[in-house]
Amino acid sequence: MSDVVLRLSGIVKSFPGVLANDHVDFTLKRGEVHALLGENGAGKTTLMNIAYGIYKPDEGDIYVDNRRVKITSPHRAMEYGIGMIQQHFSLVPSFSVAENITLGLKEFGIFPKMESVKKKIESLSQKFGLDVSADSHIWQLSVGEQQRVEILKLLYMNARIMILDEPTAILTPQETENLFKTIREMVKNGASVIFISHKLKEVLKISDRITVMRHGRMLDTIPTSVADERILARKMVGRDVLLKVSKKPSSPGREILEVENLWSRGDKGQYAIRGVDLKVRSGEILGIAGVEGNGQRELAESIYGLRRYTGRVVIDGEDMLPLDVTSRIRRGVAYIPQDRKGLALCGGLPIYYNFFLKVFDSPNFSFNPYMFNPSYLRRGAEQMVKDYSISTPSVDLEAKYLSGGNMQKVVLAREISGSPKLIIAVHPTRGLDVGAMEFIYKSLLRERNKGVAILLIAGDLEEIFTLSDRVGVLYEGEIVGYSKPDESHIEEIGLMMAGVGSIDA
Amino acid sequence: MNQDMITSTVSGAIRAGTPLLFATIGEILTERSGILNLGLEGMMLMGAFTGFAVSYNTGNLWLAVIAAMAVAGLLATLHAFMSITLRVNQVVSGLAIVFLGSGLSGFWGQAYVGVQSPSFVNFKIPLLGNIPIIGEILFDRDPLVYIGYLIVPLVWLFLYKTRYGMDLRAVGEAPDAADARGINVSLIRYIYTIVGGALSGLGGAYLSLAYTPMWVENMTAGRGWIAIVLVIFAIWDPLLAMVGAYLFGGISVLQFGLQVAQIPIPANIMKMFPYLFTIIVMLFTSSERIKKRFGVPSALGIPYSREEKG
């Protein structure tokens, strides 16, 4: 095939505890916009960072124009015509636009001639509809403008293969429209574009072909003409059934969590949660399905008290608004966050410390928080390691050396040992192997059978089906509907996840 | 204050400021590349000692200056190796350089205490030196002061107008961006750490070859630390560094002037002013926007590795 400009073959890349890319194959044809679709953590960015020379693959080959190449650095990638716009821009803030574009180019003498550069930048920005002044400094520009500078950089260097990593995440709808115009113009001029995203609508709008990735594996490549949101949503978050955990019918008791008209802002300041109402009763698991980025993290953090919100969060009859995280923990709220390395554990502390992080100031724990006794803690920790079959040589091992599954077991052991009334679990099995997954499923179901209320927020539909008693679908910060967790409702759930479903409760 | 006193204070300020100027410009180059070298005091001491020893033994002042720069550059190479190649904590490595420099110079310098060696003498520049007052203050000085005048605009031009200066600033501000454009981050950091060390050695040599032409143990008396403070004061800009160095030099001279004039400001208060200024400057430069505007090296003190990002 002569029209394939970039081919990745059998790419394997692992990080400690996570297999980010598992024998991935990917081809990019000349003149196409190829969307790479998948949830966060599916391995899209890792794969493209390999093509761009930031990561070295553990296995696998890269072919550019059907020649096998070794891409050892972004600079080398540029020499093959591959350019990438990462989510974190590579711009020097104090430099002007023109200086950023000329940085490192060997064609200049000791004193770079900025005038000719500026002329070329202006003609490029006119041709491709990129409205940026060559003299402005990066620190003066909005993120949308900075992105246009990054595009200009690639155009200036005649990149033929352009990788855009979640380019629309930071853009307003109008800016997104303009970006799409620019992409079409670039393709017309002979470029091929890889468009990484988890937004279904945009992918359908801009791409010619769509490749879906899940759990580090390449799932499928389909022409955009035969795809629709429902198909894509299912492919993205559905999983081949790997394990079945038997589940007794639930016997829900009293209401533990009640959320009323919850509004909360995301990190960028816009509302991420827009008037959510939900109830979870004791002995029940409420699954929240949805495509990543529709407010999942903000919902969990608001209930746990990590994020400001308006509206009511009532736990076991008590309004939580004036209470901080510590007070909520004392009232029996447990939290399994999606970022287990950053938020749930202290990687540099030994495992036994991590077990007791949350109870150091607990009044009912039988030790003095100012002069605690390590051997006492170790004994408790050793019991927990045994109970949760955490594989570690010692409880003194620093938590960061554990595998992902064992890390999550440490988190789970700690959260459950506090005898919570409510467990908030966000993507609790992301990146874990089947064994660890099964263990976590069983632990959560055991807690539910004991009468704990569980709010399960997950991207994986199979996981939601396995665990939950009811399913709510989160779309653009709202619960757009509820459904029953079984395969016969998957169509309905998929539609709601894509934002085209019914609003029936 | 009469005219004589003003002339002597200003010219004293320039003389006292010159060693600070060299060290500060050197550290600006080093920090612009993203490496924090706290070892200035040690490198200046080794420069001062080496310069004096070479001048004493050979009688060649310029050879002495070159040797001082080479030895200080060697110490800086050690710091570069530890912080760039071994990626150890740069603060710890820098402090080690301080103790190494002061220990070695004190030990080897024992033989040179109380002896005389050739030193730089004032050289009046024709025409310029004849301008009344200004000529006397600025253009009737020793050659190293003139080098100080020249080095500031040259470094400024280099930093802001040349390709190599752009590379340097990019490495300190956004090493990943520089790396993506094929700039060798480690190499640039090595070069400017060594160059910065050599300049601090020149600052040290100025002390023992011109300012107080003799060798005394620990004769830098904290000037290395003041230079580190001056870098922040100057917001990593060579022109402001010149202002700061002469200002701080002036304050140290003024302490004596005020005593002579019997103006009752205690010397300790005077000594405090530079640091007070610096704290004020730090308050102003703490905002992200200002940092980006002035190109404060945001990767300062952070080892760079391509794969270790998020």
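User: What is the strand order in the open sheet of 6 strands in chain A?
Analyst: Its pairing is mixed; strands are DSSP runs (E, at least two residues), as are helices (H or I, at least four), numbered from the N terminus, and two strands pair if DSSP finds at least two bridges between them. This is a predicted model, where local features need pLDDT of at least 70 and side-chain atom pairs count only at pLDDT 80 or more, while totals for chains, interfaces and linings use all residues. Residues are numbered from 1 along each chain as its sequence is written, and chains are lettered from A and ligands numbered from 1 in the order written. The strand order is S6-S7-S8-S3-S9-S10 of chain A.

User: Which strands of that sheet stand at the edges?
Analyst: An edge strand here has a single partner strand, so one of its sides is left without a neighbour in the sheet. That goes for S6 (82-85) and S10 (217-223) of chain A.

User: What angle does H8(A) make with S9(A)?
Analyst: S9 (residues 209-214) of chain A pairs in parallel with S3 (residues 33-37) of chain A over 4 bridges, and Leu37(A) sits opposite Val212(A). H8(A) packs on this sheet, touching S3, S9 and S10 of chain A; contact means C-beta atoms, placed from the backbone, within 7 Å. Axes are lines fitted to C-alpha atoms, for helices over the stretch in contact, and angles run from 0 to 180 degrees between N-to-C directions. Between H8(A) and S9(A), it's about 30°.

User: How much are neighbouring strands turned in the sheet of 4 strands?
Analyst: This open sheet runs S2-S1-S4-S5 in chain A, with antiparallel pairing. S2 (18-29) and S5 (67-69) of chain A are at its edges.

User: Which helix packs on S1, S2 and S4 of chain A?
Analyst: S1 (residues 4-15) of chain A and S2(A) are antiparallel and joined by 8 bridges, with Leu6(A) opposite Leu28(A). The helix on this sheet makes about 120° with S1(A). It's H1 (residues 44-51) of chain A.

User: Is strand S18 of chain A largely enclosed or exposed?
Analyst: A residue is buried if 20 or more other C-beta atoms lie within 10 Å of its own, exposed if 12 or fewer, and partly exposed in between, with C-beta atoms placed from the backbone. On one face, Ala453(A), Leu455(A) and Ile457(A) are buried, and on the other Ile454(A) and Leu456(A) are too. Since 5 of the 5 residues of S18 (residues 453-457) are buried, this strand is largely enclosed.

User: What is the bridge partner of Ala425(A) in S18(A)?
Analyst: S17 (residues 422-426) of chain A runs parallel to S18(A), joined by 5 bridges. S13 (residues 285-289) of chain A also pairs in parallel with S18(A), over 4 bridges, and there Ile285(A) partners Ile454(A). For Ala425(A), the partner is Leu456(A).

User: How far apart are the centres of domains 1 and 2 of chain A?
Analyst: Domain 1 covers 4-237 and domain 2 covers 255-332 + 420-497, with bounds from an automatic or database domain assignment. Taken over C-alpha atoms, the centres are separated by 34 Å.

Note on methods: Two residues are in contact if their C-beta atoms, placed from the backbone, lie within 7 Å.
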